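The following paragraphs lead the reader through one protein model, from the whole chain to individual residues. Please keep the sequence and the coordinates in view while reading.

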Amino acid sequence: LTNGENNTLIALVEELKNVLKQRPNDLPGHILLVKNSARLKDFITARIAQEKVLILLGERANSFSYSNYAELCIKAASGYLSLEAAMAIEKALSIDPDNPQAKFYSSLQFLQENKTSATFIIWTELLDKEPIDSKWVTMIVAQIATISSSFNLEKEVAKKPTLELSSSLLPLLKLLNSLELRLNRKSGSIEDWIVLIEGYQQINIESKVSQNIEKVKSLFSLTESQVRELESYKR
């Protein structure tokens, strides 16, 4: 939003809040308050409004009603996944086990609990099933790019016997393989390919690093500096 649009929306939201004080059971009004408060990034107001939506819907609330509430709880808490959000996710998945929003946020719950294998399994499922324009895939790739510390922990496993190594790394390897298959099938941005290459590099799979570097070279018109950056991932 531009500054002018933002100020206009702030005024309209304040007016809507005043109307809803007189009409507390106005379901469309509360839905509108959720939407526009979220646009203003006022996630606390949006969360409270979505809670009211759930109350008004009652048994008519669907899976996404609950997963939307969970997402707003998380955003209102600056990324922390509270017990309240976890309960909403559980309810959403009990209604629809394939709800991608609920599945994504359940993966963040596992990540918060340091259960990375369970996280990677969910991400793999979403990478395999979600459409090309899925925002959940975009968010997964962004998450993969930010958890290199988990990859570093996995590198310690390399000191263990081969069978134990394979067992420990299997969820991560499946995740990277799913990302690779998706990128080969639907291309993706150069940034997504870099995330893949970095993932394979972190767990020392040099053949995959080299293979995907060559793939990027064939797909994109690269500058000399970009080529040098890619080559730097090789050991």
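Predicted model: local features only at pLDDT ≥ 70, side-chain atom pairs only at ≥ 80, totals over all residues.

**Charge, fold and surface**

In the protein chain, the mean position of the 28 positive charges and that of the 29 negative charges are 1 Å apart.

Residues are numbered from 1 along each chain as its sequence is written, and side-chain values use heavy atoms, with hydrogens and water left out.

The protein chain has 13 helices and zero strands. Helices (H or I, at least four residues) and strands (E, at least two) are DSSP runs, numbered from the N terminus. Along its principal axes, the C-alpha trace spans about 65 × 40 × 25 Å. Of the 235 residues, 41% count as buried; buried means under 20% relative accessible area, exposed over 50%, and partly exposed in between (1.4 Å probe, protein chains only). The chain exposes about 13000 Å², of which carbon and sulfur atoms supply 54%. Such areas come from the Shrake-Rupley method with a 1.4 Å probe, and for residues only the protein chains shown count as cover. Among contacts (heavy atoms within 4.5 Å) between residues at least 6 apart in sequence, 54% join residues at least 24 apart.

**Helix H6 and its surroundings**

Helix H6 covers residues 100-112. Its 13 residues reach 18 Å from the first C-alpha to the last, close to the 18 Å expected at 1.5 Å a residue, where the expected span is 1.5 Å times one less than the number of residues. At the start of H6, a side-chain oxygen of Asn99 reaches to within 2.9 Å of the backbone nitrogen of Gln101. This is a polar contact, defined as a pair of N or O atoms within 3.5 Å; within protein, one must be able to donate a hydrogen and the other to accept it, and residues adjacent in sequence count only if both atoms are side-chain atoms.

H6 is mostly covered, with ten of its 13 residues buried. Among them are Pro100, Phe104, Tyr105, Leu108 and Leu111. The cover over the buried residues of H6 includes H4, H5, helix H7 (116-129) and helix H8 (135-146). Lys103 also lies in H6, and it counts as buried because its relative accessible area is 9%. Leaving aside residues up to four places away in sequence, Lys103 touches Leu93, Pro97, Asp98, Ile122, Glu125, Leu126 and Lys129.

Just after H6, Asn114 takes a positive phi of about 60°. Most residues other than glycine have a negative phi, and most peptide bonds are trans. Asn114 lies in the loop between H6 and H7 and is exposed because its relative accessibility is 67%.

**Exposed positions elsewhere**

A positive phi of about 60° is also found at Lys41, although Lys41 is not a glycine. This residue belongs to the loop between helix H2 (27-39) and helix H3 (43-57) and counts as exposed because its relative accessible area is 63%.

Ser78 is placed in the loop between helix H4 (63-76) and helix H5 (83-95). With 74% relative accessibility, Ser78 is exposed. The C-alpha atoms of Ser78 and Phe43 are separated by 9.3 Å, the two residues being 35 residues apart along the chain.

Ser94 lies in helix H5 and counts as exposed at 51% relative accessibility. The side chain of Ser94 reaches the backbone oxygen of Lys91 at 2.6 Å. Ser94 and Ser63 are 31 residues apart in sequence, with 7.9 Å between their C-alpha atoms.

**Helix H11**

Helix H11 (residues 190-202) has 13 residues and reaches 18 Å between its first and last C-alpha, close to the 18 Å expected at 1.5 Å a residue. Ten of the 13 residues of H11 are buried, including Ile190, Trp193, Val195, Leu196 and Tyr200. Gln201, another residue of H11, is buried because its relative accessible area is 17%. Gln201 touches Val209, Ser232, Tyr233 and Arg235, not counting residues up to four places away in sequence. H11 is followed by Asn204, whose phi is positive, near 60°.

Terms used
Lys, Arg positive; Asp, Glu negative; His and termini not counted. Charge placed at Lys NZ, Arg CZ, Asp CG, Glu CD.
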